[in-house]
Each structure stands twice: as structure tokens, then as C-alpha cells.
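Here is a short briefing for a reader who is new to this structure. Please look over the sequence and the model before reading on.

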Amino acid sequence: MVTDLTRRKLLKMTLTSASVVSASTMSGCSMLLPLGGDQQIMQVSGKPAIIGCSRRLSGGYAAVVADTSGTPLYQFPLPARGHGIAVQKNGAWAAAFGRRPGQYMQVFNYQTGEQLPLVVAKPDRYFYGHGVFSPDGQYLYATEGERGTSRGIIGVYRITTETINARVEKVSELTGFGIGPHEVVLADVNTLAIGVGGVHTQGRTPVNLASMQPALVYLDIATGKVDEQAVLADKQLSIRHLSVTESGDVVCGQQYRGEPDHAAPLVAVHQRGKALQHLHAEEEDWLRFNHYIASIASLDGYILATSPRGNCYGVWRESDRQLIDIKPLIDASGVGVINNNWVVGSGSGKMLTVSQHGQLVTNISPVLWDNHWSVLD
């Protein structure tokens, strides 16, 4: 249970932390790790390109705005471990969400470093770690849960930034689509796609693995009604992480909650009006992902998915859904597309630039990246 004392602690930790550390004053700019082997330092652009949550070398957690090389431009201290990042499509605001069961949401300007007041979860709610802005950037949709039931909720927040009273205000809630939602993305300008994990938890402990009902759900933004729902045959594949391909399909990354030695397929793709289709890999390859997919990004007909638990990432061809490569990367985390290449991060600070043909450039960042990041257009 979240007590008022816990809520006060979160607020106090945030207010007493340094609000922003700029690139000119932070020690991170001089914290590049020694290079060796095929490691290279890419040219620093000095412009915001990557936003993600991280662990701080000095202890604690932060949201980091970095350039293309992973060099931090801003760091925003977070009161507890963060998870996902939502970014305005045509604006300068972003939001970091506490890791499930999350107690906070922090909205900030990734160009100036300005932070809005911390949003702390109410005692009967928690954040599930992800969110997405509306197409016009005025609203933020966050996955939330009800304590005691894990009833899924999309919290709808209005972002006010034009006046001296800049704030984040909850204006409504959408529900009725299942329990344990995790990532939410825009399937199109009118529709949210939600990875509904189907897991009821107490804290982080699952209590309903025998009766899970995961689904990929499409929710009408205007009405809050379910437009479409897609399910997998194996109900112990909890649908967690999502990405929209260039063709508009939704790719789902799963967490398998069944037998440890079962090689469950962990990535699927969905086209509206059709059934979910698993991506293909050999059983021994699926086992390398250790039953968990974190971040996903598509590029020119290929899909890359990371697994921090499996210490690897895989690349699939969309046309026939075949695995074409699997590579080791310790604590493989966020992935995005920059300059027509994938950029993949890790919790060890290692960053890879990966072409569709498998060519690699390795870079060391002073940031210990968490599972997800957002790459700016």
C-alpha cells in the first residue's frame, strides 16, 4: 500500500535533488570509459537525439537527454527507478514513468531542461511504466493500474505549458480493456494500441499465472471503447512492449510466464483485422532471449528487438518473419532509428549502431541505460 508518507518521500526526494545538470557542469562528460578493440567514439552532435531512463554511477536514477553518441546534455534526477519515456511528436516535452508499480511521472522539456511538478500516484493507483502523447501533444496517455485488482486504466493528462502555472492535470480515465496494461502507443491518430499483460500482481509478484488473459487492445481515443482485440493462443505469453512499423502494423514483445525450459516465441506482429502472427526462430534462439523482450524498432522492412535478460538482440525480416541475426549485448536495452540505422543501448553503457546488413559501430556512453529510450525525429 502507498502511504501518505511514501508520497511525501517521493516529493521530497525530487525537490531536494538538483533539478537539472547541464552538459557544461555535469561530471558525465568526462566519464567516458576506456576504449579498446573495435570500439569507436562517434562524433558528438550536441543536439538532443536520445532520451531514456538510467542508473547513475553515483547511485540513484535519472532521466537522460543525450546526443547521438550517448553523451548527456541534461540529467533529471528521478526519485526511484524509471522505465519508459513518452515524447511529444511536434514539441519539446517528454515524460518519464516510474517502473511498475510506479509511484511517479516526471514531465520535462528536453530542449531547455525545464521540469514540471512531479506527478505522484494516488494511494489506489500506480503507473505501469509507459505512456504516449496525443498527436497534437496536448494530452498524455499513461498506463496505470488499480491497487488490489490490477484493473487496467489509461490515465488522461492535460499538459499546460504556456503560462506561469505550467502543470500536469489528470482530466479523465479510460478502462474496461483488461488487467495489467504495460506499453501504450498510437496505432493511428484516433487509436491507442495497448499491450495488456493480463497479469494481476501484488507489488511485482504475479498471483494469477494460471488464469492470465493477455491481449493487444485497440482503444478509440475519443470514446474510450475497444475497437479491436487480438490474442495469442498461449495465455502465458504476457504482451508487454509495442512498436508501430513503417507500414502501420503493431509489433508486440512478450514476457513468457510459463515453464522455464519452454522455448516460447516472444515477438509477434499484428495487422488490423487479422490474427497476431508470431515471428519465427529456432527453439534454441528463443531460449537465448530468456523469456523477455524489452524494446522494438523497425527499419526498412526489418525488426530489431532487445532482451536485457537474455543479453542479446535479434533482427527479423518482416516479409517472411524469419530471424536473420542474433547478437550478444550485455543488458541490451533501448533501440531506435537514427540516420537510417538502428542505435541500440545497454545497461553497461555500450551503444551499437547497427545497419540492416549487420554492420556494427560500437560506442561507449557514460550512461547506464535502462530498458527503454525514445529517439527524437
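Which residue in E31 does Ile51 stand opposite? Ile51 stands opposite Ser374. This is a predicted model, where local features need pLDDT of at least 70 and side-chain atom pairs count only at pLDDT 80 or more, while totals for chains, interfaces and linings use all residues. Residues are numbered from 1 along each chain as its sequence is written, and side-chain values use heavy atoms, with hydrogens and water left out.

**Confidence**
- The chain has a mean pLDDT of 88; pLDDT is the predictor's confidence in each residue, from 0 to 100.
- A pLDDT of 70 or more is reached by 88% of the residues.
- Over residues 1-45, pLDDT stays under 50.
- For residues 1-45 the model has 74 contacts beyond four places in sequence, a contact being heavy atoms within 4.5 Å.

- Strand E31 covers residues 368-375; strands (E, at least two residues) are DSSP runs, numbered from the N terminus.
- Of its 8 residues, 7 are buried, so E31 is largely enclosed by the rest of the structure.
- Buried means under 20% relative accessible area, exposed over 50%, and partly exposed in between (1.4 Å probe, protein chains only).
- E31 pairs with strand E2 (residues 50-55) in the antiparallel sense, over 5 bridges; two strands pair if DSSP finds at least two bridges between them.

**Thr306**
- Thr306 sits in strand E24 (residues 302-307).
- Thr306 counts as buried because its relative accessibility is 0%.
- A polar atom of the Thr306 side chain lies 2.6 Å from the backbone oxygen of Ser333.
- Leaving aside neighbours within four places in sequence, the contacts of Thr306 include Tyr292, Cys312, Ser333 and Val344.

**Ile159**
- Ile159 belongs to strand E11.
- With a relative accessible area of 8%, Ile159 is buried.
- Val107 is 52 residues away from Ile159 along the chain, yet their C-alpha atoms are separated by 8.8 Å.
- Beyond four places in sequence, Ile159 is in contact with Val107, Leu116 and Phe133, among others.

**Backbone features in loops**
- The peptide bond from Arg100 to Pro101 is cis, with omega near -10°.
- Pro101 is in the loop between strand E6 (93-98) and strand E7 (104-109).
- Ser150 is not a glycine, but has a positive phi of about 65°.
- The loop between strand E10 (139-146) and strand E11 (151-160) holds Ser150.
- Ser150 counts as buried, at 0% relative accessibility.
- Asn311, also a residue other than glycine, has a positive phi near 55°.
- Asn311 lies in the loop between E24 and strand E25 (312-317).
- Asn311 is partly exposed, with a relative accessible area of 31%.

**Cavity and pocket**
- On a 1 Å grid over the protein atoms alone, a cavity is a set of points where a 1.4 Å probe fits but cannot get out, and a pocket is an open set with protein on both sides within 12 Å along at least five of seven lines; lining residues have an atom within 4 Å of a point.
- There is 1 cavity of 30 Å³ or more.
- The largest cavity has a volume of about 40 Å³, and its lining includes Arg100, Tyr128 and Arg257.
- A volume is the space filled by probe spheres set on the points, which are joined across faces, edges and corners.
- The largest pocket holds about 1400 Å³ of space.
- Its lining has 47 residues, of which Lys89, Ser243, Ser374, Val375 and Asp377 lie nearest its centre.
- Among the elements that give two or more residues to this lining are strand E5 (82-87), strand E19 (237-244) and E31.

Note on methods: Helices (H or I, at least four residues) and strands (E, at least two) are DSSP runs, numbered from the N terminus. A polar contact is a pair of N or O atoms within 3.5 Å; within protein, one must be able to donate a hydrogen and the other to accept it, and residues adjacent in sequence count only if both atoms are side-chain atoms.
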